Amino acid sequence: MNYSGTHSGFTQQANMRLRNSSMDDSDGSQLFENTSGAEVGPQAGYRNQQGGPPPAGSSGHSLLTDPMSNLAMAYGSSLATQGREMMDKNLDRFIPISKLKYYFAVDTLYVGKKLGLLVFPYMHKNWEVSYQQDTPVAPRFDVNAPDLYIPSMGFITYLLVAGLALGTQNRFSPELLGVHASSALVWLVMEVLVVLLSLYLVTVNTDLTTIDLLAFSGYKYVGMIVGVVAGLLFGRTAYYLSLLWCCAAIFVFMIRSLRLKLLSEAAAEGRLVRGARNQLRMYLTMAIAAAQPIFMYWLTYHLVR
Amino acid sequence: MALTLYALIQTAVLCTNALAVLHEERFLSKLGWGVEQGVGGFGDDPGVKAQILNLIRSVRTVMRVPLIIVNSACIVLLMLFG
């Protein structure tokens, strides 16, 4: 009827506006493929919009056909768009959303290869991150690039698995889930802060950003989940064995990934370089890599009794 | 194990307070950690000790006023809510 006609025309217009904004973002950075049907959108919107008002104007006594309320709706929608733009602009100052988008540009193949690399890094030969005209390539195209998808999913899965483990021991309560979440988050934040502090003290000139460090620290959740699930399925021995394997794997993974970013050129290639500063950098890399198994054990040992 | 975000904030405030109360001439100079020892070599390798001294001095300079505000807020909140 006329009522549904104007209503659908209005929502079609709003959808078209939303799709247009997302299209601008992805075309500008080429991080994500443009999978929205943007070509079909505008014409359908315009056609529907033209089809909307004429049948509405002919009846004349439903609420939405009143020209004043039409004006009010149009004004309200423009106000909402303005508010959203202003919020986006201000939010971008505090949380760099555009930089965060780079870390989530992953696909299934990358996630699969990265998970395999986290559990078995011994066969991988080339650990360098490839660059494309001074900017690092999106994680979708390079296995060695750090991402935030696996750490965030791993964190949430760790919480769920912790809840499951507590439930099998009849120790579960919903507050415990929140306690686990906040303590794991606090340990993560403290670890990133300590690594940042030590990087500042040793004056390493590296292009590792804070988010990169967050990503590297979040990779240990994968090993923790594997250990706890093995412990739940097969008992304590399986937990210790799989945790040992995952700890060794994460140790090797961190050393090989961080070596190229923290050490100087010569030392990274394996040549023996003397000097106190290079030694300090080596110790720092080993300390960061050794902290991962410690955290992995600390955060999971109370889950498998 | 039951660390909360509140504990993290408490730790941060306490550590910053600890860094801010280190007195320059009564304590640090006696230890050989004064300002003049911090700006040692002019090469491109400041060294760990110089970085630490720099960090302590900058925390003292930058965080004095915010620490006053945060400490006052903590005192008021603790008195009100225990």
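Among the contacts in chain B (heavy atoms within 4.5 Å) that link residues at least 6 apart in sequence, 58% join residues at least 24 apart. In chain A, the corresponding share, again for contacts between residues at least 6 apart in sequence, is 76%. Both chains belong to a predicted model, in which local features need a pLDDT of at least 70 and side-chain atom pairs count only at pLDDT 80 or more, while totals for chains, interfaces and linings use all residues. Residues are numbered from 1 along each chain as its sequence is written, chains are lettered from A and ligands numbered from 1 in the order in which they are written, and side-chain values use heavy atoms, with hydrogens and water left out.

**Confidence in chain A**

- Where pLDDT is low, the predicted coordinates should not be read in detail.

**Make-up of the two chains**

- Chain A contains 13 helices and two strands, where helices (H or I, at least four residues) and strands (E, at least two) are DSSP runs numbered from the N terminus.
- Chain B has four helices and zero strands, so that its elements read α-α-α-α from the N terminus on.
- Of the 305 residues of chain A, 38% count as buried, a class that means under 20% relative accessible area, as against exposed at over 50% and partly exposed in between (1.4 Å probe, protein chains only).
- In chain B, 18% of the 82 residues count as buried.

**The interface between chain A and chain B**

- Chain A brings 16 residues to the contact and chain B brings 14 residues.
- The buried area between the chains, meaning the accessible area (1.4 Å probe) that two parts lose on being put together, summed over both, is about 1,400 Å², and carbon and sulfur atoms give 76% of it.
- A:Val186, A:Tyr200 and A:Leu201 supply 37% of the area that chain A buries against chain B, which is more than any other three residues.
- Helix 8 (174–201) and helix 13 (276–300) of chain A each supply at least two residues of the side of chain A that touches chain B, and helix 8 gives the most to that side, with 11 residues.
- By class, this side of chain A has 10 nonpolar, five polar and one charged residues, where Ala, Val, Leu, Ile, Met, Phe, Trp, Tyr, Cys and Pro count as nonpolar, Asp, Glu, Lys and Arg as charged, and the others, Gly among them, as polar.
- Zero salt bridges are counted between chain A and chain B, a salt bridge being a side-chain nitrogen of Lys or Arg within 4 Å of a carboxyl oxygen of Asp or Glu.
- Three residue pairs (both at pLDDT 80 or more) are in polar contact across the interface; a polar contact is a pair of N or O atoms within 3.5 Å, and within protein one must be able to donate a hydrogen and the other to accept it, with residues adjacent in sequence counting only if both atoms are side-chain atoms.

- A:Asn170, in the loop between helix 7 and helix 8 of chain A, has a positive phi of about 60° although it is not a glycine, and counts as exposed at 73% relative accessibility.
- Most residues other than glycine have a negative phi.

**Individual residues of chain B**

- B:Ala12 is found in helix 1 of chain B and counts as partly exposed at 41% relative accessibility, while its C-alpha atom is separated by 11 Å from that of B:Val70, 58 residues apart along the chain.
- B:Val21 lies in the loop between helix 1 (5–20) and helix 2 (24–31) of chain B, and is exposed, with a relative accessible area of 64%.
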